[in-house]
Amino acid sequence: MTLSVDELVAWLGRWSAGRGPLYLLLAARVRQLIDEGLLPPGATLPPDRRLASALSVGRTTVVAAYDTLRQEGRLVRRQGSGTRVAPAALAPPGPRVTETSNPMFLHLLEASDDVILLSCAAPPSPPRGLAEAYAGLVLPTDDLGYHPAGLPALRAAIARRYEERGVPTDPAQLLVTTGAQQGIALLTRLLVAPGDAVLVEAPSYPGALDLFREAAAVPHPVAVGPDGLDVPAAIAVMERHRPSLAYVIPHLHNPTGTVLPPLLGRRLVAAAEACGVPLVDDEVLSELRFDGSGPPPLSSYGREVIGVGSLSKTVWGGLRIGWVRGPAPLIARLARLKALHDLGSDVPSQLVAARLLGSFGPLLQARVAELRSGHDLLRTELARLLPSWDCPPAAGGQTLWVRLPYGDGVSFAQIALRHGVAVLPGSTMDALGGSTRRLRLHFLLEPALLSEAVRRLAAAWAEYAPGAAAGHAALNALAV
């Protein structure tokens, strides 16, 4: 196993956010990865210079970290053969389980310390009405509490919400899931086999990309431009490769914020149905448009479209309620698969979700107003402290798709982390290998903390900018 620089940097996560010399912090994180089995015996680590450039540290930092672990017996370093994880007397038995190395998830798994998280876009706190909804909760009687397809009351409430958006829906077309992430995971498990083609956007939501990698699918990325997905290119992929699944975010795309025009949406749906390709419409952000408008879901253009939604962005991430909308036979199969994994989602949360959806308009309006205010503040602060960054306005959603004037997002993210702010590099979201000069920044923090985050980013950029061009050129030279 030979680890690429990008793979190791992703696994390292927030390695530099602690206290002490950088080489000891780096050694501690690599030691942890070895001890947990994520870096197996015999794995080849990147060369000193290449890793130092990616981490935006001096080469001596990496050399000292490697030497520390060599002295402990965890690494073997030989001239001409590189640096490897030391052999173990007994390797872990059986096939290795694929685990996420996505920085968005790793930042959630690690202690926050004093790091401001701009890497995971979700409401920072629950709305006031959520606690009241739980306080008035009345649990059902004579009910086992196992509802693999979802509580009937919640499925009916979600169906009514679709009808309000112009998409007639029967509750039998809905599966309640533990967040949208589980919905995408179940669809992947059901529809995608190892080696199958999967159409994805580039860039796209990294949580979905991780699931497709775990399924050993072959991604066929299609670029996203100013008007969203390149639909003619997507149609060409579907006609040539007949993917087992096509995953798109047509409205308030994550991360670019683009909105696919209705005519292109119709063409995409028609092509998917003609090719027999299951088309998954990620609707999680679609109702967060600042002006309250927006095209209807793709499911309004075709009966076979599979919609995935959630309350995690409109209400709170801790309310783990999502859903899948699709043809009733598919939903029945997904319900059987979900029953195998968890027997059904939490009933009290489903009751609360049904109550919230009963009067969803005011709650959604309040959330959108907060987002619009955060969006304007973040753009104002970036223009004031980082005027060289390209930060076009978004039509809604929770994030800005920022373009650095030079350098690359991965190496800058390392310096930003040392200044106490975690950002998501664009390349981690791009299956085409592009978006290297991009960052995704969310605007969900309270105003003072959001301003402080930009101040820290400005300090990080002041450190990074003088050497960014030279460091990037050196990295390119090493890659030739």
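Strand β13 and strand β16 (residues 438–442) pair in the antiparallel sense over five bridges; two strands pair if DSSP finds at least two bridges between them. This is a predicted model, in which local features need pLDDT of at least 70, side-chain atom pairs count only at pLDDT 80 or more, and totals for chains, interfaces and linings use all residues. Residues are numbered from 1 along each chain as its sequence is written, and side-chain values use heavy atoms, leaving out hydrogens and water. Helices (H or I, at least four residues) and strands (E, at least two) are DSSP runs, numbered from the N terminus.

**The sheet with β13**

- β13 belongs to an open sheet of three strands, in the order β13-β16-β15 and with antiparallel pairing.
- The edges of this sheet are β13 (399–403) and β15 (424–425), each of which pairs on one side only.
- Helix α14 (residues 360–385) lies across β13 and β16 and runs at about 20° to β13. Axes are lines fitted to C-alpha atoms, for helices over the stretch in contact, and angles run from 0 to 180 degrees between N-to-C directions.

**The sheet with β1**

- Here again there is an open sheet of three strands with antiparallel pairing, this time in the order β1-β3-β2.
- β1 (44–45) and β2 (75–78) are the edge strands, and each has a single partner strand, so one side of each has no neighbour in the sheet.
- β1 and strand β3 (residues 82–85) run antiparallel and are joined by two bridges.
- On β3, T83 is the bridge partner of L45.
- Helix α4 (residues 59–71) lies across β1, β2 and β3, at about 115° to β2.

**Helices α1 and α2**

- Helix α1 (residues 5–12) packs with helix α2 (residues 22–35) at an angle of about 95°, and their axes are 10 Å apart.
- α1 and α2 are therefore roughly perpendicular to each other (the range for this word is 65 to 115 degrees).
- From α1, the contact (heavy atoms within 4.5 Å) uses L8, W11 and L12, while α2 brings L26, R29, V30 and L33.
- These contact residues divide into six nonpolar, no polar and one charged. Ala, Val, Leu, Ile, Met, Phe, Trp, Tyr, Cys and Pro count as nonpolar, Asp, Glu, Lys and Arg as charged, and the others, Gly among them, as polar.
- α1 is mostly covered, with six of its eight residues buried (under 20% relative accessible area, with a 1.4 Å probe and protein chains only).
- Those buried residues of α1 are V5, L8, V9, A10, W11 and L12.
- Just after α1 comes G13, which takes a positive phi of about 60°.

**Serine 204**

- S204 sits in the loop between β6 (197–202) and α9 (206–214).
- With a relative accessible area of 0%, S204 is buried.
- Setting aside neighbours within four places in sequence, S204 is in contact with L209, Y247, I249, H253, N254, P255 and M429.
- From S204 to V222 is 18 residues in sequence and 9.9 Å in space, C-alpha to C-alpha.

**Cysteines**

- The count of disulfides is zero, where a disulfide is a pair of cysteine sulfur atoms within 2.5 Å.
- C275 counts as buried because its relative accessibility is 13%.
- C391 counts as buried too, at 11% relative accessibility.

Key
Buried means under 20% relative accessible area, exposed over 50%, partly exposed in between (1.4 Å probe, protein chains only). Angles under 35 degrees count as roughly parallel, over 145 as roughly antiparallel, 65 to 115 as roughly perpendicular and the rest as oblique.
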